[in-house]
Amino acid sequence: MSEQLEKEINRRRTFAIISHPDAGKTTLTEKLLLYGGAIHLAGSIKSRKTQRHAVSDWMEIEKQRGISVTSSVLQFDYGGCRINILDTPGHQDFSEDTYRTLMAVDSAVMVLDAAKGVEAQTKKLFKVCKERRIPIFTFVNKLDRFGKAPIDLMDELENVLGIRSCPMNWPVGSDGRYRGVYNRQTKLVELFAADETHGQETRGSETYALDAPELKAALDEETYQALLDDIALLDEAGEAFDEERIACGELTPMFFGSAMTNFGVQNFLEEYLRLAPPPAPRASSDGNIQPEDEKFSAFVFKIQANMNPAHRDRLAFIRIVSGKFERNMSVWHVASDKEIKLAQPQQFLAQDRQIIDEAWPGDIVGLFDPGIFGIGDTLCDGAHKFKFADFPVFPPEKFARVQAKDTMKRKQFVKGVEQLTQEGAIQLFRQAGAGIESYIVGTVGTLQFDVLTYRLKSEYGVDIEMVMQPFEVARWLTYPDGRAVTPESLRGADRGMFVYDRDERPVLLVNNEWALGWITDNNPSLELHPVPPDRREI
Ligand code: G4P
């Protein structure tokens, strides 16, 4: 292995920040960028409510709804590390997009609101991380105001998520009147000075040994004694830091802080970079591909069209798994079985794009996509061809019939719908016997229909008519002997709608589990799959 490859791999940290909406993911991301020197005055990612506008807000719709729909990639350096943060949308309807983003990271930071603890979306995202065996680090946020007691939060992690925690630092003070944090590694207490800037600038702090008279003078007797008792309890009864247990999702290092006031943020960043894993191998048809493999390989985890209305382009985001990436290099695109040249590769600091010349395992690169890439595609060296393991997919749960209002716009309509399908935003079905100008679109949540309507209008100039369908369940159909499933071969198919997916595979849409039971009872030899039979379900 070349020395440079090894060095670049070891200094990379690629992670996502996951949280329930409003726990403080955006604020923490912003503060990490602030400490990384990537921005100077926090507030450029998302400023106060009046001008809610995030640097990572690529789509107008995000601004309109005040939510983050798309995932962004941010890169910066800190303490010799090269950091790639993949922003995940917090809205529950976008879980599939979030899921794909999590395929591209090596660890995750779970942000909890200290007052709310583990919330609904936290649970879902946690489950995905655990299944994917992504090490999880916990940041308990909003310690500047009243929150649950740290011990209770540790219990909650264990009872609700089934994960034990090992606090890396510990808040000094109580009941929302926290004064600083005790660092369990350095055994030093960091007290924060009052902050007039509302956390917009990095904050100075004073550090004291636990027995320093200045510390005792700064804290009241009760607070000081409580801190000593807590430390003694943690040292005696707490979980020990254990890399292996963290790697397999049994244990999470836990940090306390407040992203808004910068309390504990720098300490978190430094410890996180020290402890988080560098780029990990990825499973493929040819076994695990190690980052140290000199031959370049990557996979597409996200496709995004028209990110910038001024460019009207389409980008495929790849995660580099092994080897060195170089501008203008030729690689093997496994899905099309062709060699392609990677020109104009881009990297991101939020909206600022930069053409890059080289990148390394763990890095995310945006490739100009003339329409050839699909989610999950493998890029590798022509001399060593293999395919990375397929992404699992979500079963669709909401369905609508969609067509262009103006039949003259059919061509743009088909193009737009195909495009969004390739991006993985929707799943497309064609009703048996019906023309292609009317599609049945399947999604995991209703918000995607708004996105579909909005994007077809703004990017393709097409107004659509959409009629929600009463179906809740889709099943891909096969017979064990390989015979084709047709509407005629099914008993009771009128209980649902017989459609074909984009690969002409038969699918039955039904209203509910009861109707599904009826079909199963009447067609004992039929096999029903919640996702295409060659894919894994999430
Ligand atoms: P999200 O990306 O996870 O959805 O959360 P985001 O960072 O947008 O934060 C949600 C709200 O919580 C914001 O308030 C933000 O200012 C606030 N917040 C984040 N970190 C802290 C913290 O450490 N302490 C306190 N007290 N609040 C925090 P908002 O009122 O919705 O917006 P804004 O007016 O502050 O922009």
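Tutor: A residue is called buried under 20% relative accessible area, exposed over 50%, and partly exposed in between, with a 1.4 Å probe and protein chains only. By that rule F268 counts as buried, because its relative accessibility is 1%. The model is predicted: local features need pLDDT of at least 70, side-chain atom pairs count only at pLDDT 80 or more, and totals for chains, interfaces and linings use all residues. Residues are numbered from 1 along each chain as its sequence is written, and side-chain values use heavy atoms, with hydrogens and water left out.

The protein has 13 helices and 31 strands, which are DSSP runs numbered from the N terminus (helices H or I, at least four residues; strands E, at least two). Of its 538 residues, 54% are buried.

Helix 10 (residues 265–275) packs with helix 2 (residues 25–35) at an angle of about 80 degrees, and the two axes are 10 Å apart. Here axes are lines fitted to C-alpha atoms, for helices over the stretch in contact, and angles run from 0 to 180 degrees between N-to-C directions. The two helices are therefore roughly perpendicular (65 to 115 degrees; under 35 is roughly parallel, over 145 roughly antiparallel, the rest oblique). Helix 2 brings L28, K31, L32 and Y35 to the contact, while helix 10 brings V265, Q266, F268 and L269; contact means heavy atoms within 4.5 Å. Six of these residues are nonpolar, one is polar and one is charged (nonpolar: Ala, Val, Leu, Ile, Met, Phe, Trp, Tyr, Cys and Pro; charged: Asp, Glu, Lys and Arg; polar: the others, Gly among them).

F268 also belongs to an aromatic arrangement. The structure holds 16 aromatic pairs; rings of Phe, Tyr and Trp (its six-membered ring) pair if their centres lie within 6.5 Å, with planes under 30 degrees apart stacked, over 60 edge-to-face and the rest tilted. The ring centres of F255 and F268 are 4.9 Å apart and their planes stand at 80 degrees, so this pair is edge-to-face. Because F255 lies in strand 11 (residues 251–256) and F268 in helix 10, the pair ties together parts 13 residues apart in sequence. F255 is buried as well, with a relative accessible area of 0%. Both belong to one aromatic cluster, formed by F15, F137, F139, F255, F268 and Y272.

F299 counts as buried at 4% relative accessibility, and F388 counts as buried at 4%.
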